[in-house]
Structure formats: C-alpha cells, structure tokens
Amino acid sequence: MDAFIDSIFTGILNPIMNFFDLILGAIFSSRASTLIFGFIFMNLLGFLFMYLDKKFAKEEKRRISENTLLLTAALFGSLGILAGMKKFRHKTLHKKFTIGVPLIIVAQIIFVIYSLINGTF
C-alpha cells in the first residue's frame, strides 16, 4: 500500500514541481523557494477567484465554475479559497465548500507531513 501511495504522490508532485522549476528556476535557486512561491501563488489565485466569482455573481455575469474553484483548492490554493469564502461571504452555504475545503486543507497537511517524513520534499 505504501508503494502505491508513494507512486501517487510522486506522480502528482513531480509534474507540478517540474513546472515550477522550469518557470521559476531562473528567479529562485532552491526547490524550497519554488515550493513556497508556488504555495503563495496558488493561494493568491484562489483568493482572486473567490473575489471575481462573487463580483460576477452580483453583476449576473458568467461565473467561475465550482469545479475550477475546488481544483484550485486541491492544487494547494485551499487557504486562499477559504480566506476568500470568509472575506467575501461567498459559497458559505454550499456544503461542497464549507466541508470540502477544510477537508482538502487537512488532506494537504497530511500530504506535506508524509512527504517531509519520507524525504519527498
């Protein structure tokens, strides 16, 4: 089972890290800096998405899909999504978000701890 979990983490983590290494390699010299920048970027993006979706809802314009918002949360933008939910009072009555986003945060914490213990990071 551990080998299966390791292969999933490696399969998910490596392409994301390679992307950030490629794009940001010239700016940041270490992998840790790339991870931190990626984390900050995804959370700012999540916060921005919540702001824009709330704005579009008020203006009755085309909205950002719930799947996009949840995918952003799953790609380590969950704190930004949660902060946007609280700040803009958006999606606070949807169980998909009020339960799902905190569960994603818990899963991400477990993922990071597991990765640190096993030397993936």
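Is K91 buried or exposed in this structure? With a relative accessibility of 8%, K91 counts as buried, a term that stands for under 20% relative accessible area, whereas exposed stands for over 50% and partly exposed for values in between (1.4 Å probe, protein chains only). The structure is a predicted model, in which local features need pLDDT of at least 70 and side-chain atom pairs count only at pLDDT 80 or more, while totals for chains, interfaces and linings use all residues. Residues are numbered from 1 along each chain as its sequence is written, and side-chain values use heavy atoms, with hydrogens and water left out.

Side chains of opposite charge can pair when their charged atoms come close. A search of the whole structure finds five salt bridges, each defined as a side-chain nitrogen of Lys or Arg within 4 Å of a carboxyl oxygen of Asp or Glu. In one of them R63 is joined to D53, with 3.0 Å between the closest N and O atoms; this pair links distant parts of the chain, since R63 belongs to the loop between helix 2 (31–58) and helix 3 (66–88) and D53 to helix 2, ten residues apart. Helices here are DSSP runs (H or I, at least four residues) numbered from the N terminus. R63 is partly exposed, at 39% relative accessibility, but D53 is buried, with a relative accessible area of 0%.

D53 also meets K91 in a salt bridge, at 3.9 Å from N to O. Because D53 lies in helix 2 and K91 in the loop between helix 3 and helix 4 (95–98), this pair ties together parts that are 38 residues apart in sequence. A further salt bridge, at 3.1 Å from N to O, is formed by the side chains of E66 and K96, and this pair links E66 in helix 3 with K96 in helix 4, 30 residues apart. Both partners are partly exposed, E66 with a relative accessible area of 22% and K96 with one of 45%.

Helix 5 (residues 100–117) has 18 residues and should span 26 Å, which agrees with the 26 Å between its end C-alpha atoms; the expected span is 1.5 Å times one less than the number of residues. The buried residues of helix 5 are G100, V101, I104, I105, Q108, F111 and S115. They lie on the same side of the helix, because they cover an arc of only 140° around the axis, taken from the directions from the helix axis to the C-beta atoms. On the other side, L103, I110 and I117 are exposed.

Methods
Helices (H or I, at least four residues) and strands (E, at least two) are DSSP runs, numbered from the N terminus.
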